[in-house]
Amino acid sequence: MAEDSPKRRKANFNEAETEVLIEQVLKHERLLFAAGPGRASPGQKRKVWELIRHKVNPVAACPRDVEDLKKRWRDLKRRDRSKLCRLSEGCAPPGPAALGLLLPPARRHPRAYGSA
């Protein structure tokens, strides 16, 4: 009987899920997004995304899979990029650390301020 019902969409990401996702991606940004000869293999990246999924799901409103997390990350980057473009004259793409600005001030990652 459940097969006949239309597919329901998942609940929106809540604030806690978004915070954990941002913190974990920024923590592992070098493995996930590095380019060049020292970059991680697709298998290593998959393991990191699975680790992030295991960190997000305990605070999630509903179970998230890796594709949900990747899509949310892309949406956050796009939203942040457009916000920064509105605030500045130029629209140069922000670095990954700029996404820390999406967190509440008390939870911001130190790299969001450009410090080491």
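Does W73 count as buried or exposed, and what is its relative accessibility? At 3% relative accessibility, W73 counts as buried; the term means under 20% relative accessible area, with exposed over 50% and partly exposed in between (1.4 Å probe, protein chains only). This is a predicted model, in which local features need pLDDT of at least 70, side-chain atom pairs count only at pLDDT 80 or more, and totals for chains, interfaces and linings use all residues. Residues are numbered from 1 along each chain as its sequence is written, and side-chain values use heavy atoms, without hydrogens and water.

**View A. The aromatic pair of F33 and W73.** F33 and W73 are stacked, 6.2 Å centre to centre with 15° between the planes (stacked: under 30 degrees; edge-to-face: over 60; tilted: the rest). The pair links distant parts of the chain, 40 residues apart: F33 lies in helix α2 (residues 29-33) and W73 in helix α4 (residues 66-87). Helices are DSSP runs (H or I, at least four residues), numbered from the N terminus. F33 is partly exposed, at 36% relative accessible area.

**View B. Charges over rings.** The charged end of K77 sits over the ring of F33, 5.8 Å from its centre. R64 lies over the face of F13, 4.0 Å from the ring centre. Such a charge has NZ of Lys or CZ of Arg within 6 Å of the ring centre and within 35 degrees of the ring normal.

Note on methods
Phe/Tyr/Trp six-rings, centres within 6.5 Å; stacked < 30°, edge-to-face > 60°. Helix = DSSP H or I, 4+ residues; strand = E, 2+ residues; numbered from the N terminus.
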